[in-house]
Amino acid sequence: MAALTNTDEYSLDVETTGASFTSELLGISLCGKEHNKYVFDWFPFYIYPELKDIVLKGMSPLLEDNEKTMIGHNMVFDRLFLRKEGVEIKNKFFDTKVAA
């Protein structure tokens, strides 16, 4: 994730078991505009839930940087879902679902 600190915009996608806020978090993918890709697979965190907290905490500085722009599809859901997981996103964002 360190490479994403050098870019002013990046994409984010949250994968869950469903489209409601009672769903479980499966994974998050991040991609910077310099083609630096980071994918965190959440499947094993059902077995080791403490790892999910460590990864989410490690992502917080990136997600809380209000100088960066996050690009994604259905960002309203993703942002609210991550808030439920304890992550407050302060980035500006561009939602391709709204733009379409």
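**Entry 1: Thr 7**

I started with Thr 7, which sits in the segment before strand 1. Helices (H or I, at least four residues) and strands (E, at least two) are DSSP runs here, numbered from the N terminus. I'm working with a predicted model, where local features need pLDDT of at least 70, side-chain atom pairs count only at pLDDT 80 or more, and totals for chains, interfaces and linings use all residues. Residues are numbered from 1 along each chain as its sequence is written, and side-chain values use heavy atoms, with hydrogens and water left out.

Is Thr 7 buried or exposed? Its relative accessibility is 7%, so I logged Thr 7 as buried. The cut-offs are under 20% relative accessible area for buried, over 50% for exposed and partly exposed in between (1.4 Å probe, protein chains only). The side chain of Thr 7 reaches the backbone oxygen of Glu 9 at 3.1 Å. Leaving aside residues up to four places away in sequence, Thr 7 touches Gly 32, Lys 33 and Lys 68; contact means heavy atoms within 4.5 Å.

**Entry 2: Ala 2**

Ala 2 is also in the segment before strand 1. With a relative accessible area of 59%, Ala 2 is exposed.

**Entry 3: the whole chain**

I counted three helices and five strands, and the order along the sequence is β-β-β-α-β-α-β-α. Buried residues make up 36% of the 100 residues. Of the contacts between residues at least 6 apart in sequence, 54% join residues at least 24 apart.

**Entry 4: the core**

Which residues touch the most other members of the largest nonpolar core? They are Tyr 10, Leu 12, Ile 28, Leu 30, Leu 63 and Leu 82, out of 19 residues in that core. The term covers buried Ala, Val, Leu, Ile, Met, Phe, Trp, Tyr and Cys residues joined through side-chain atoms within 4.5 Å. Strand 1 (9-16), strand 2 (25-32), helix 1 (49-63) and helix 2 (75-84) each supply at least two residues of this core. Helix 1 gives the most, with five residues.

**Entry 5: salt bridges**

I found four salt bridges, each being a Lys or Arg side-chain nitrogen within 4 Å of a carboxyl oxygen of Asp or Glu. Glu 85 and Lys 52 pair up at 2.8 Å, N to O. Why does this pair tie together parts that are apart in sequence? Glu 85 lies in the loop between helix 2 and strand 5 (92-95) and Lys 52 in helix 1, so the pair links parts 33 residues apart in sequence. Both Glu 85 and Lys 52 are buried.

Glu 85 also meets Lys 84, at 3.5 Å, N to O. Lys 84 is partly exposed at 41% relative accessibility. Shared partners join Lys 52, Lys 84 and Glu 85 into one salt-bridge network.

I also noted Asp 65 with Lys 68, at 3.9 Å, N to O. Asp 65 is partly exposed at 24% relative accessibility, whereas Lys 68 is buried at 6%. Lys 68 is one of the residues that Thr 7 touches.

**Entry 6: surface**

Last, I looked at the outside. Phe 21, Val 76, Leu 80 and Phe 93 form a nonpolar surface patch with about 340 Å² of accessible area together. Patch members have over 30% relative accessible area and no salt bridge; like charges are joined within 9 Å, and nonpolar side chains (Val, Leu, Ile, Met, Phe, Trp, Tyr) within 5 Å. Areas come from the Shrake-Rupley method with a 1.4 Å probe; for residues, only the protein chains shown count as cover. Leu 80 lies in helix 2 and is partly exposed, at 37%.

Terms used: Polar contact = N/O pair within 3.5 Å; in protein donor to acceptor, adjacent residues only side chain to side chain.
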